[in-house]
Amino acid sequence: MESIYYVMTWLCHRTCAHCYEDRFRPYYGDELAAVVAESTANMPRIIDHFPEGMTFEDSGEKPGMIILAGGEILLEAVREPVLYEGIERIRGRYGRKVRVIVQTTGDLLTPKIAGELKTLGVDKVSISGIDSFHAGLETVEAQQALMQKCANILEDAGHDAHFFGATPDQWIGKLWPRGRAWKNGLSTANLADNFCNQWSGGLNFLETRKKGGEVSVDPQGNVYPCCIKTRLPLGNLLEQPLEEILAGKRGNPIYEAISAGDPSRMGLEHGWSVERFLEKSRVGDYQNLCIGCDAFHDEVLSNQGLVQLS
């Protein structure tokens, strides 16, 4: 398949107001030990249950990519036992037949870490924190300074670099109705903003041989059709290989609708017309398809046991 977005840890050094996941935050004491232990213990089995091959068709056979992220995956507590060990495991399994991308907010990047990532075989470092929601980066000048610092470090280490953030001109600029972004009323997405029908949404997640297919995996091994994350997972990689999980969803109208980028049709066989789905997508004056997807999972899938929680 083209892409797996593997969130390796909940641990982060920030508690950003716009974050889509409440569990991305600092942890201390016993909580820190537990979060690190979970990521460390689960990582080998999760990677072992990735597909046998990480390629896809796009005018020929091309290598897919595995994006390794957090939280903040460069934090010392998880950098070596989770990230570095994970990269070595991926390279041992696939060799160079997959691209490995590390995603970080950027402020913890150092020449030493960049060099270590290069030695481990990382193809690209993606800097995701270039926006005013991150403390210390409220101004354009501060954002540009961080980008220049990271660019210099990465160039010296021989890395390709990629910069993005939650800015109006970016694909996540309107913010997903999730986590702290939702609680803080920061999402400006409306019904016309179909996050499902784009990269890192559900689009093509079942079409693993085609360009554009991606799934998201969390530190507990739960698999989702999108980075945004449906209310309930598709399955769990601690229990079942990814290929088996996806094979079990093909042909199911619920998941085929998500994969087609048209979530409003996911409930047709369960008495949810498109009109009903759109109405369920409304909370007060806010209306977005992700809300309807959540409602369908809560009211139909959970009650009918069609998705097993991990």
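Let's start at an opening in the surface of this predicted model: the lining of the second largest pocket is made up of nine nonpolar, five polar and nine charged residues. This second largest pocket holds about 420 Å³ of space. Its lining counts 23 residues, and those closest to its centre are E21, R178, K229, T230 and R231. Helix α5 is the biggest contributor to the second largest pocket, with three residues, while α5, β8 (222-224) and α9 each supply at least two.

Now turn to the largest pocket, with a volume of about 800 Å³. Here 38 residues form the lining, and Y5, Q103, S128, F164 and I172 sit closest to the centre. Strand β4 gives the most to this lining, four residues. The elements giving two or more residues to the largest pocket are β3 (61-69), β4 (98-104), β5 (124-127) and α5 (179-183). Sorted by class, the lining of the largest pocket has 19 nonpolar, twelve polar and seven charged residues.

By class, the largest cavity is lined by nine nonpolar, three polar and two charged residues.

The second largest cavity has about 50 Å³ of space. Around it you will find V7, W10, Y20, F24, S216, V217, D218, C227 and K229. Six of these lining residues are nonpolar, one is polar and two are charged.

Next, look at how two of the helices meet. Helix α1 (residues 29-48) packs with helix α2 (residues 76-94) at an angle of about 5 degrees, and their axes lie 10 Å apart. Because of that angle, α1 is roughly parallel to α2. On the α1 side, the contact is made by V36, S39, T40, M43, P44, I47 and D48. On the α2 side, A77, V78, P81, V82, E85, G86, R89, I90 and R93 take part. The residues of this contact divide into nine nonpolar, three polar and four charged.

Finally, step back to the whole chain, which has nine helices and eleven strands. Its C-alpha atoms fill a box of roughly 55 × 45 × 45 Å along the principal axes. For 310 residues, a compact globule would have a radius of gyration near 19 Å, and the protein chain has 19 Å, so the two agree.

How values were computed:
Residues numbered from 1 in each chain as written. Predicted model: local features only at pLDDT ≥ 70, side-chain atom pairs only at ≥ 80, totals over all residues. Heavy atoms only, no water. Axes fitted to C-alpha atoms, helices over the stretch in contact; angles between N-to-C directions. Parallel < 35°, antiparallel > 145°, perpendicular 65-115°, else oblique. Contact = heavy atoms within 4.5 Å. Nonpolar A, V, L, I, M, F, W, Y, C, P; charged D, E, K, R; others polar. 1 Å grid on protein atoms, 1.4 Å probe; cavity = no way out; pocket = protein on both sides within 12 Å on 5 of 7 lines; lining within 4 Å. Points joined across faces, edges and corners; volume = space filled by probe spheres on them. Rg over C-alpha atoms; globule rule 2.2 N^0.38 Å.
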